[in-house]
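We will go from one stop to the next.

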Amino acid sequence: MNTPASRKVIFGRGSWPEARRLADILRLETVGGALLLAAAVLAMIWANSPWAPAYEALREYELGPAALHLHLPLGMWAADGLLAIFFFVAGLELKREFVAGDLREPARAAVPVAAAVGGVLLPALIYILVNHGDPAARAGWAIPTATDIAFALAVLAVVGRNLPTGLRTFLLTLAVVDDLIAIVIIAFVYTETLHPLPLAAALLPLAAFGVLVQRRIRSPWLLVPLAFATWALVHASGVHATVAGVLLAFTVPVLPRDPEGGAHRGMAARFEHRLRPLSAGFAVPVFALMSAGVALGGAAELAASLSSGVSVGIVAGLTLGKVAGVLIATALVARFTAARLDDGLAWIDIVGLAMLTGVGFTVSLLVTELAFGPGSAAAGDATIAVLAGSMAAALLAAVVLRLRDRAYRKLAEAERVDTDHDGIPDVYQVRTGEPGSPGN
């Protein structure tokens, strides 16, 4: 029989290196979330201003080498090209978590992975139930399944500054796994026409890229052309080009050749350190600028858009499906592993965090374009619904997390006090309840 003291703790603090790395990621993603929100607001204002034709002209402006079939509109360059950088960074983060992070332990990985799966399945089910009679609308079932980590962290920066490290780690990991599920859905569901020859050819530069990074060769003069060739061939194959970003990331080694060096000195860490600011500060905001602009029309048109089956399914999926899916999956893991929440936390905290996972933006807008096509009426309804659902989820999460801020302050003070003489949190004591730490 498990006693309360011996039961596995979920949402507890991780190791000090992970906490420090997480803090660095949160800083960059929070800034990126603010830029993302600003870009989305600018797009909406621009698309509903007297200068709306200029906005549409910008999105449709084509450039690129026609000989390589890459003479594309700027909107497509943002969705297919810039988001490949975003998914490359997400792939690096996911690989680092499961190779060298706290989540290399299956017991610790089970909760966020299960929550991510639950947070994908239930919103999709709700959307399908709402639109079961409309085959065309059902194509957008994956739109409410994504979580936008940058947008969510921007909300946390305002209302959840004292959120415990365990909950922040859970949110970040859930969102990364969520992104991986989304890219699998994009690759297998939204690939209408597959051209096997370019896809097979993409394996050559991908393999060459993998060989170079495994040899710890970091020269951009070698790696960037190979990465671009992989991306271009995947794009030509009919598979969405962002898949190339994840495939490239998975070839990058996490651990350095020196086993004592630590993952923070590995190739993946170096790439992530260089590319995360580019992803969060440029790629994702520019994509939002190109994708979030939709004409709202008058009050009647807006009401009609929000009452469509597409919109109802998306809003319900983001605000209800995400919460229920994450909660049910987390509760099941806790039930069948006899786990308990970390001291000072309550299930209402999980509710607030689950609400925050309903902030779907970047990947949701990408799936909108793939499901309905840019500029279609359904795509316009879906874009408005993604914005409305994400804002509703953010506001609901903000209310719950704000109400619990006093408890979070106490936990934050405990985390600051629980340090050894070097100022490093005594994680061994946190995990085991025993003083001291194992040998270094």
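Select Ser364 to begin: with 0% relative accessibility, Ser364 counts as buried (under 20% relative accessible area, 1.4 Å probe, protein chains only). Ser364 lies in helix H15 (residues 362-372); helices here are DSSP runs of H or I with at least four residues, numbered from the N terminus. Leaving aside residues up to four places away in sequence, Ser364 touches Ile143, Ala146 and Val386, where contact means heavy atoms within 4.5 Å.

A word on the source: this is a predicted model, where local features need pLDDT of at least 70, side-chain atom pairs count only at pLDDT 80 or more, and totals for chains, interfaces and linings use all residues. Residues are numbered from 1 along each chain as its sequence is written, and side-chain values use heavy atoms, with hydrogens and water left out.

Now for the aromatic rings. Select Trp77 and Trp231, a stacked pair with 5.5 Å centre to centre and 15° between the planes. Rings of Phe, Tyr and Trp (its six-membered ring) pair if their centres lie within 6.5 Å, and planes under 30 degrees apart count as stacked, over 60 as edge-to-face and the rest as tilted. This pair links Trp77 in helix H3 (residues 74-99) to Trp231 in helix H9 (residues 220-237), 154 residues apart. Both Trp77 and Trp231 are buried.

Next, pick Phe88 and Phe271: their ring centres are 6.4 Å apart and their planes at 40°, so the pair is tilted. Phe88 is in helix H3 and Phe271 in helix H11 (residues 267-291). Phe88 and Phe271 are both buried.

Technical notes. Helix = DSSP H or I, 4+ residues; strand = E, 2+ residues; numbered from the N terminus. Buried < 20%, exposed > 50% of the residue type's maximum accessible area, 1.4 Å probe, protein only.
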